[in-house]
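This report looks at the pockets and the nonpolar cores of one protein model. Please keep the structure in view while reading.

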Amino acid sequence: MKQAIFFYRISQAIVCFVWLMLVVSCGYQQNEQQKTVKEDTVLTEAPSESNSNETNEVQDALPALYSFNTIGGEVIGIAASEQSEHDPFFLIGDANYIVATKYLDERVIKADTLLKNEFVYTRVDSACIQQKKEGNNHYLLLTAKETFKGQAITEKTINFILLDVNSLEHYTLVYEGTSSVRCYECIDGDYLPAPLLDKKPGLKSILFEYANKSKWVYRPATQTEKDARHFINYEQKWNEDNQEDNHLANGHSGVSEPIYSTYYKEDIFKLTAAHASVTDSIENEHFKILSYFRGNILGFDKQKQLYFPVYIESCITGCDKKIKFISPQTIEILYDEYSGKEVYTVELNKIRFQ
């Protein structure tokens, strides 16, 4: 009986020992996992002024885009994630951010996150990073354009950022818009309200002067281009006359009636071809009609020798259109990409010209 009790207690001790070892092992693995997660997170979170150690780790992990020395002997560094391997100024990560850091003797004094975003491509204009000094004030100016990944959002955003080198505070002027035929590389849009900058008119003036020189902002090349009837503005005039705005992400708007249009002596075919390829072309003795890839339908009246927009529409996917004559004065429009294959007709002689 005593021998049985002895072996029972021995077996209990062995079980306890094994259980204790498992607990210690699991605890060690959990700590290692938490440590790994924390290290990974440090590389993807924007730096915080309240955690200098984390700021140092993040800044050290980012490749530098630009740096310079101040009169006081400090170093200002601009760094960013996640850079394309082919172009360090093109950020392609699911989460991107641009960070400014002030160093003195390789010690971080202060850091500020200039831009942080998710699910967008971000391009920094490397040719337009510049410094500006006014008296004791020292500023750094840079530009970053954001384009959403995928096909759900057509708008593009340009951030004009002013960094106060002395305080390492920053201010941003935002320009938002879309692509259009009157803007090859730039964006056709408007500046967004900037209440914070309204309180600092001096900085606002500097930012507007800087932004208005950007290659990414649409500006009329001549005074005459400001006229709504100038041919370069044919999309905007058609939209206003028809009270439409058919700039889409996925899908199509459908053709409404009546259609209002304008005659132009200038070749709007050529203007549009710089931005989109022709996917369908038809003509008869009266008209030549072109359909542009996921874009506009334009016409040329052979008798009048004048160009005119038939229908203005653009999309990322879903609105490519095939066209054909069904009578000398009537065209049929088929939405070829759309699963419903919807068909519309336009009687060219019933278009109302302004």
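## The second largest pocket

The lining of the second largest pocket has two nonpolar, seven polar and three charged residues, where Ala, Val, Leu, Ile, Met, Phe, Trp, Tyr, Cys and Pro count as nonpolar, Asp, Glu, Lys and Arg as charged, and the others, Gly among them, as polar. Among the lining residues are E74, K102, K133, N136 and H138. A pocket here is an open set of points on a 1 Å grid over the protein atoms alone, where a 1.4 Å probe fits, with protein on both sides within 12 Å along at least five of seven lines, and lining residues have an atom within 4 Å of a point.

## Basis of the model

This is a predicted model, in which local features need pLDDT of at least 70 and side-chain atom pairs count only at pLDDT 80 or more, while totals for chains, interfaces and linings use all residues. Residues are numbered from 1 along each chain as its sequence is written, and side-chain values use heavy atoms, with hydrogens and water left out.

## The largest pocket

The largest pocket is lined by 36 residues, and T178, S179, S180, H247 and S314 lie nearest its centre. Its lining divides into twelve nonpolar, 16 polar and eight charged residues.

## The nonpolar cores

The largest nonpolar core has 33 residues, of which Y234, I289, V310, I331, V346 and L348 touch the most other members; such a core is a set of buried Ala, Val, Leu, Ile, Met, Phe, Trp, Tyr and Cys residues joined through side-chain atoms within 4.5 Å, and buried means under 20% relative accessible area with a 1.4 Å probe, protein chains only. A second, separate core of 21 residues includes L173, I206, A211 and V217.

Terms used. Buried means under 20% relative accessible area, exposed over 50%, partly exposed in between (1.4 Å probe, protein chains only).
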